[in-house]
Amino acid sequence: MAQGQCPECGRINEVLSRVGDRWSVLIVISLAQYGVLRFNELKRHLGISQRMLSLTLRELERDGLVSRTYYPTIPPKVEYALTPLGESFREPVKALGLWALEHLPVIDAARAEFDAAAEAEKKTA
C-alpha cells in the first residue's frame, strides 16, 4: 500500500455521504427531539418535499439509523424513530447543529463580505 493511503477512506466516504447530507442530519435532529414521528409530521417540521423525504428515510432505514413501523389501519399509519444506532448518532448531530447555530452570525458576515467583494470584482471587470 502506498504511503499516506487510507485503506478505509472509501467506506468512510460512503457513510459520511449519507449521514452528512442536509436532510439526513435534519431528520435525525427531528427524531431525536420529538421521538416517534409520522411521515407528514416530519415533512411539516422540515419543509422537505415528499419525494426527498421518502428517499432520505429509505436510505436512513437501509443504513440502520431509522426504523419504520407500518400499521395496517385505515388510513395506513407509518411511524419513524431512531434505532439504537441512530440514537448513537444523536450527540454528534446535536454538536453539529449547535455549532451551526453558534456560528451563524460569523458565517453570515463572511458570506456578505465575500458577496460584496465578488460584486465589486464584477463591476471592475
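1. Just after helix α4, Gly64 adopts a positive phi of about 85°; helices here are DSSP runs (H or I, at least four residues), and strands are E runs of at least two, both numbered from the N terminus. This is a predicted model, in which local features need pLDDT of at least 70 and side-chain atom pairs count only at pLDDT 80 or more, while totals for chains, interfaces and linings use all residues. Residues are numbered from 1 along each chain as its sequence is written, and side-chain values use heavy atoms, with hydrogens and water left out.

2. Helix α4 covers residues 50–62. Its buried residues (under 20% relative accessible area, 1.4 Å probe, protein chains only) are Leu53, Thr56, Leu57 and Leu60. Seen down the axis of α4, these fall within an arc of 100°, so they line one face of the helix, the arc being that of the directions from the helix axis to the C-beta atoms. The face turned away from this buried side carries Arg51, Arg58 and Arg62, which are exposed (over 50%; partly exposed lies in between).

3. The buried residues of α4 pack against α1, α2, α3, β2 and β3. Ser24, in helix α2 (residues 22–34), counts as buried because its relative accessibility is 1%. Apart from neighbours within four places in sequence, Ser24 is in contact (heavy atoms within 4.5 Å) with Arg18, Val19, Thr56 and Leu60.

4. A disulfide (cysteine sulfur atoms within 2.5 Å) joins Cys6 to Cys9, with S to S at 2.2 Å, and the link is right-handed, with 105° about the S-S bond. Cys6, at 34% relative accessibility, counts as partly exposed, as does Cys9 at 38%.

How values were computed. The expected span of a helix is 1.5 Å times one less than its number of residues.
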